[in-house]
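Okay, thanks for coming, everyone.

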Amino acid sequence: MKIRQKLFGEEHSDVALSYNNMGGIYWSLDNYNTALKYYEKALSIWRKLFGEEHTNIAISYNNIGRFYKMQGDYTTALKYYEKALNIQQKIFGEKHPDVALSYRNIGSIYDSQADYAKALDFYQKALDLDMCTLGEANP
């Protein structure tokens, strides 16, 4: 990380990727607040470099949404998951595995809120996309 910062400066895509990866490690260590800080650092750099509509921004939104979901803040989590979905749909169109992932994430929010009809709708969208993009034989 320090080598990348020294070589590229603080606001470089590789530095942001390192922050994102460090967030993932802290997440795996159950240090969620620290993970969030690193995810937010990555998001800040990627926004400056790429604007709002980039796959890395969607990845950050999904990571941050996962944090808020785990905290039980479903409203905020849903906001981040919907932002990720909107970016992915603009970049990839409707038929892409990343779009299916966002549908699953949104479905999980409604599932956690016991809004099973909405959860089922989003889970079904994810399944339909998976079947379309990955095929039935894919585990």
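Let's begin with Arg 47, which is partly exposed at 35% relative accessibility; that term covers everything between buried, under 20% relative accessible area, and exposed, over 50%, using a 1.4 Å probe and protein chains only. Quick housekeeping: this is a predicted model, where local features need pLDDT of at least 70, side-chain atom pairs count only at pLDDT 80 or more, and totals for chains, interfaces and linings use all residues. Residues are numbered from 1 along each chain as its sequence is written, and side-chain values use heavy atoms, with hydrogens and water left out.

So who does Arg 47 pair with? Its partner is Glu 52, in a salt bridge at 2.8 Å, N to O. By salt bridge I mean a Lys or Arg side-chain nitrogen within 4 Å of an Asp or Glu carboxyl oxygen. Glu 52 is partly exposed too, at 37%.

How many salt bridges does the structure hold? There are 4.

Another one joins Asp 130 and Arg 104, at 2.7 Å, N to O. That pair links distant parts of the chain, 26 residues apart: Asp 130 sits in helix α7 (residues 116-134) and Arg 104 in helix α6 (residues 97-112). Helices here are DSSP runs of H or I, at least four residues, numbered from the N terminus. Asp 130 is buried, at 17%, while Arg 104 is partly exposed at 32%.

Then there's Asp 121 with Lys 125, closest N and O atoms 4.0 Å apart. They're 4 residues apart in helix α7, so about one helical turn separates them.

Technical notes:
Helices (H or I, at least four residues) and strands (E, at least two) are DSSP runs, numbered from the N terminus.
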